Amino acid sequence: MKKLFTVIALLTGIILKTSAQNTADANYHQLQQKFVDLKFGMFIHFNMPTYMDADWPDPEAPASAFNPTKLNADQWAKAAKSANMTYGCLTTKHHSGFCIWDTKTTDYNVMNSPLKRDVVKEYVDAFRKNDLKVMLYYSILDTHHKLRPHQITQKHFEMVKAQLTELLTKYGKIEAIIIDGWDAPWSRISYDDINFEDVYHLIKSIQPDCVLMDLNGAKYPAEGLFYSDIKTYEMGAGQRLSTKDNVMPSLACLPIQSSWFWKTNFPTTPVKDPAKMVEQLNILNQAGCNFILNVAPNRDGLFDDNALAALKEIGKLWKNDVPAPRLAATGAPIISSNLAKNKPSNASWSDDMDIMDFANDDDFTTSWVSSKTVAKPWYEIDFGHDTEFNTIALTEKKPNITAYHLEYLQNGVWKPIFEGSTASRVKVHRFNRVWGTKVRVTIDKAEGQVSIAEFGVYNERR
């Protein structure tokens, strides 16, 4: 009987999980929950833009411009404690490429500035001394080193890996790393240009318990994890978590001042209302979302008085005495390249202009929509040659497909992968690796008109 069950499982593409796999899934879920349990932290945007009165400074600004004569990371940490925050996150390198740690990868770093001190080290030491957890921010986009669209080389990729290795080996335990400037419409650096899967595995190989977040999370549907261990929302850019039905461990970020990096008008411009920040914090926490509030140090390397006063007031209003909600397991995120992206596609009759090309265009706002006249719609990707894959993600515009089956074409024969139903709008299927020239989904039953926003196929490294 056991042998028969195994055969059926293999034919349907189901993986029988080992105890080791179950343990790995449980550990991953615990890391996500631990992150949500931290609830409230401090983002610290401090880098070359601080001295340029702009969030995106001249990438050729000299290292000599970075000159915080009164830098005191202990002030930052004590300010975070005064607000009852639990962690900090510092911008180690922003989009203009200046590194504020003692790096061997480039001369464009803090050790060649008038300060000649490792700011990352001073930050992590100060925050740990004040019983605060430590996280780091790192930008993939790097305009100084010309790591930008259409100019990316293998040397750039090696620099990214070397810099992340330094950050994850020189400063002790890093709870999380927030990565920015990747696959965003304004950066235009794809997860293929700088391979996401390679970077993800590098980070996990050095610090397995380090949670990786990509700030481009809003591109992807709220119901699924793509290229991030945690869903992210940049509230200053208009991104908003659905607080009524969120099911993912999440992070929302916002500056307490009017922008991320310090500006000359900050000392005399009111910061955001502490009471409103606490109200926002409570709403987000109740929805399973961690809130990180940015406070920008000035050119001396200190927080302004108005920001310090606001943080103290937040601490008076918020006591961190209500447990975060327990979240259901999400499964691992999609981290590899989408093999189906922009490949030739085909489908049963479409609804007017919403043809099959819209379901594999790497845009979740567009969809292939089936004609209402088709009883059992189908959609397929044609690789044109034998291609290996082990994961399929089907994302609907809205969840109404109640029964479907997946299959792949091998040597002219269609073979099954999955048959059944998945209630979520994002339907992720992982199975034993197969080789096929085509992959197809057939919708057996739906409550409304079938609409597929994206059909992704992946060959994940496991």
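Let me begin with His 150, which lies in the loop between β3 (133–139) and α5 (154–169), where helices (H or I, at least four residues) and strands (E, at least two) are DSSP runs numbered from the N terminus. This is a predicted model, in which local features need pLDDT of at least 70 and side-chain atom pairs count only at pLDDT 80 or more, while totals for chains, interfaces and linings use all residues. Residues are numbered from 1 along each chain as its sequence is written, and side-chain values use heavy atoms, with hydrogens and water left out.

His 150 is not a glycine, and yet its phi is positive, at about 70°; with 81% relative accessibility it counts as exposed, the terms being buried for under 20% relative accessible area, exposed for over 50%, and partly exposed in between (1.4 Å probe, protein chains only). Lys 39, also not a glycine, has a positive phi of about 65° and lies in the loop between α2 (19–38) and β1, but at 6% relative accessibility Lys 39 counts as buried.

Now to helix α7, residues 274–286, whose 13 residues reach 18 Å from the first C-alpha to the last, close to the 18 Å expected at 1.5 Å a residue, that expectation being 1.5 Å times one less than the number of residues. Which residues of α7 are buried? They are Pro 274, Met 277, Val 278, Leu 281, Leu 284 and Asn 285, and they cover an arc of only 130° around the axis, which puts them on the same side of α7; the arc is taken from the directions from the helix axis to the C-beta atoms. The face turned away from that buried side carries the exposed residues Lys 276 and Gln 286. Just after α7, Gly 288 takes a positive phi of about 80°.

Finally, the aromatic rings, where rings of Phe, Tyr and Trp (its six-membered ring) pair if their centres lie within 6.5 Å, and planes under 30 degrees apart count as stacked, over 60 as edge-to-face and the rest as tilted. By this rule there are 28 aromatic pairs. In one of them, Trp 182 and Phe 196 have ring centres 5.0 Å apart and planes at 40°, so the pair is tilted. Trp 182 lies in the loop between β4 (176–180) and α6 (196–206) and Phe 196 in helix α6, so the pair ties together parts that are 14 residues apart in sequence. Both Trp 182 and Phe 196 are buried.
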